[in-house]
Every structure is written in structure tokens, then in C-alpha cells.
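Open the model in your viewer and keep the selection tool ready. The stops below say what to pick and what to look for.

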Amino acid sequence: MKMTKVVPFAMSALLLGGAIGAPTASANEGEATVINAETSEQQVQPIFIKVTGTVENVEVRENATYFTVVDGDNTNTVIANKDSLVFDNMGKEAKLQKGDKVSAYSYAKKPMLAIYPPQYNPEVIIVETEEMGSVEVDFFNKDLVDTENNLKLNVGEDTKLASATGKAVKVDDLKEQHLVVFYTIATMSIPAQTPPSKVIVLDTIEKEEPVEVDPTPEPEPAPVDSAVQEIINKDFYEVDGTKMVPLRLIAEKLGFKVEVTPKGAIVSKGALSYTITRGQKEYGYNKALRQFKVAPALLESGKTYVPVEFVEELTK
């Protein structure tokens, strides 16, 4: 075991060689707050879902790579693309490959596809090595303490600060944020305290702001382009009360590029990208997932139809 810094004797008596980490959640834990009848303790849904295991299969697709991660009887699919954050447990950038032992952290409130094996598009993927290094992925409050009061950050001059989007970060920017924390030593106090070697702000996750009631009425939605409205009026059908309209005709009329895929289409313009899959209510919006009321469908004319509400999404 190699140490890069000399710890004074008085401090070393308080520090552990291993990590003291917060309890983590597997992909199979429940979503809601549960009361255990025997212990009468509340079990609160974690901020991040942690999937661990060994990469046993790698499938490279057009826009992402699908890693099959196996841990005993549990099998999960971890999806990574060119923008995914992949580090080893020391905080160094890593390349994920077959045989790696990994921990993948996905924001628990992000929508998931109801398929098996479960698929995750994690915020960060950690390749576990033999080096002495621990990782904590959680929300940290204004005092830089995690949600379970297990770890407090004492950020020093030697701590490297970064963000998922590449923005410059100061110590104050870490407060009340979702963080990836790399550290090697921690005190035996409650909460344990650590001087982290590296901290990354997951600023791709939107902070939940308090909802303020605005007494003024909401503005009317912007009028739909007349040419688009003409397409809607002439070419539609209904499913369970939802009007279905042709995707390509409308998207291209609004200036979007439409790329046909074997199962649907990718609609893009600038930084916006929507991945539509026929027969599936969930659709991709950049890195997130959203849901239609009715699944898109392909008619005999060779057109893919989507709910008319999607037109409002494209015109925002």
C-alpha cells in the first residue's frame, strides 16, 4: 500500500486506512419510503442507485456502448456514451472494458425502462482497482455532509475540483450539490471526516428548487406553424382519445433532422436530440428519458406516428 503524503502521528491515530462509506442501494431496492415492521425504522430511497459487478459482455452500438454487468444472480445493463464519466477509484479517467469490476451510480429519480435485464444510464461509472481509494456519490448539504450523515468533506488546497460539464469550480460551488467524492482516509467520528483528493460536481443533474405559486395565469402556448397545423388537420388518427400525427413531416417542417433507425427515428436540431422507438412509450431526450401517453406506431404508409403533444415539445 503506497501513501503519497505523510500524516502526523496525532492525526494518524484518528484516521483509517480504509474508507468509511455511506450505505449504498442495489438496483433491486424499493422506490418508496418503507417501514420495517420488526425494527420500526424508516428506509428512505437513496439519491443514487448503485449497480456493482463484473463486466462480462460489451456491445458497441451506434450512439452508445452497452456493458453487461453481472454480480452473482443479478444482471444489469450499463449504458455509456462519449460523454459518460468513467474513472477508477483513485479519480483517474479510465476506459471501461470486459473483465472490469465496476460500480455504476444512476440518479434514482431518472426515468427507467421497464425491461429485463434492467438498463441504467449512470451519471458516473467507477472502475474498481486494487489501489487504496474510495468513492462516495451523493448529495452534500451546505456543510458538505452527505444525506446519511456518514461523511463530511474537509476540502483543502490539494483537493482537485471539477464539474461534469467542464465548468470551473470553487469550494462554495460544492454546497448543496450532487457530488462524486474520491478519498483515501477518514476519521472514525460521526460523521466521518475526510480530506478528499478530488471532487466532481454533477451539474448535469437539475437541482430541485422550491415551487412558488404564481398568481398570474400561465401564458397560452405558442401558436403552431400554419404549415404544421395543416399537416395535423389532414393526416392523423386517434388512439384512446390521443391524436397521432406523422413524425417526419412535422419535424422536418420545424427544421429538425430526422434519421431513420430500424425501430424508429432520431430527431435532432442543434443541442436537442430525441430518440423515438416504435411500440415504446418511453423516448430519449438528450441523456434523459420521457414518456408518451400512447406509443408511436408505424402505419402501412411507412410513416411513424406520434402523439400530437410531441409537436408542442418540438416547438418550445
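**Stop 1: a strand with two neighbours**

Select phenylalanine 67 and find its bridge partner in strand 6, valine 78. This is a predicted model: local features need pLDDT of at least 70, side-chain atom pairs count only at 80 or more, and totals for chains, interfaces and linings use all residues. Numbering runs from 1 along each chain as its sequence is written, and side-chain values use heavy atoms, without hydrogens or water.

Now show strand 5 (residues 65-71) with strand 6: they pair antiparallel over 7 bridges. Pairing requires at least two DSSP bridges between the strands. Strands are DSSP runs of E, at least two residues; helices are runs of H or I, at least four; both are numbered from the N terminus. In this hairpin, 2 residues lie between the strands, and glycine 72 has a positive phi near 65°.

Go back to valine 78. Its bridge partner in strand 9 is tyrosine 120. Strand 6 and strand 9 (residues 119-120) run parallel, over 2 bridges. Colour strand 6 (residues 74-80) by accessibility: 5 of its 7 residues are buried (under 20% relative accessible area, 1.4 Å probe, protein chains only).

**Stop 2: aspartate 235**

Jump to the loop between helix 2 and strand 18 (237-239), where aspartate 235 sits. It counts as buried because its relative accessibility is 17%. Its side chain makes polar contacts (N or O pairs within 3.5 Å, one able to donate a hydrogen and the other to accept it; for residues adjacent in sequence, both must be side-chain atoms) with the side chains of lysine 303, at 2.8 Å, and tyrosine 305, at 2.6 Å.

Technical notes
Buried < 20%, exposed > 50% of the residue type's maximum accessible area, 1.4 Å probe, protein only.
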